[in-house]
Each structure stands twice: as C-alpha cells, then as structure tokens.
Amino acid sequence: MPQIIPIKDLKNTSNISEICHTTDEPVYITKNGYGDMVIMSMEVFENLNKKLEMYKSLAISEKQINDGEILDAKKSIKNLKEKYDL
C-alpha cells in the first residue's frame, strides 16, 4: 500500500527516511490535498531504473523483430565458425 503524506510532514526528515527504507516503495507527498512529489530510497530508485532499462531493451528487441532485423542463430554460428576457422 503506498504511503501518502502531506508536505508539512517533510520537516521530520529522519521519519521520512525511515518510511522510505522500511516500505521499499515510493512515498507520495501531497500539497493542499493534491499530488506534488515522490520520495524514495536510493535502492528503490536504482531498482526502478534497472527495470526501465530492461523494458527499454525489450521494446528495442521487439521493434527489431517486427522490422525483420533478426538473424537465424544457427546460420550466425555457422558464419562465425567459417570466418574464424573454428
């Protein structure tokens, strides 16, 4: 369940830090009842970025497959063996 706290609670930084590290998910900050910011631990941020990079790579791969920019694995290995006399 996401943590949602008002911006006035940011005064207690150690408490916010503890929440970020114990929940392992972003903490949403509201201002005047509306979403304003998101705070998260470095670990959660790095994991999120890793996932985004993976999804980006998958999207590129899917586009290459759809565009026909793929090579047959067996043919590629055969070509490499011939090229390097393996």
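1. A salt bridge here is a side-chain nitrogen of Lys or Arg within 4 Å of a carboxyl oxygen of Asp or Glu. By that criterion D67 pairs with K63, the closest N and O atoms lying 2.6 Å apart. Side chains of opposite charge can pair when their charged atoms come close.

2. On the basis of the notes: this is a predicted model, in which local features need pLDDT of at least 70 and side-chain atom pairs count only at pLDDT 80 or more, while totals for chains, interfaces and linings use all residues. Residues are numbered from 1 along each chain as its sequence is written, and side-chain values use heavy atoms, with hydrogens and water left out.

3. The two partners in point 1 fall into separate accessibility classes, where buried means under 20% relative accessible area, exposed over 50%, and partly exposed in between (1.4 Å probe, protein chains only). K63 is exposed because its relative accessible area is 52%. D67 has 42% and is therefore partly exposed.

4. The structure holds two salt bridges. In the other, E53 is joined to K56, with 3.5 Å between the closest N and O atoms. Both residues belong to helix α2 (residues 42-66) and are three residues apart, about one turn of the helix. Helices (H or I, at least four residues) and strands (E, at least two) are DSSP runs numbered from the N terminus. E53, at 46% relative accessibility, is partly exposed, and K56, at 47%, is also partly exposed.

5. Two backbone angles deserve a remark. Most residues other than glycine have a negative phi. N32, not a glycine, has a positive phi of about 55 degrees; N32 sits in the loop between β2 (27-31) and β3 (34-39). Its relative accessible area is 70%, so N32 counts as exposed.

6. D85 likewise has a positive phi, near 50 degrees, in a residue other than glycine. D85 is placed in the segment after α3 (73-83) and is exposed, at 71% relative accessibility.

7. A nonpolar core is a set of buried Ala, Val, Leu, Ile, Met, Phe, Trp, Tyr and Cys residues joined through side-chain atoms within 4.5 Å. The largest one has six residues: I5, I16, I19, C20, V27 and I29. Two or more residues come from each of α1 (13-23) and β2, and α1 gives the most, with three.

8. One member of that core, I16, touches I5, D9, L10 and I39, leaving aside residues up to four places away in sequence. Contact means heavy atoms within 4.5 Å.
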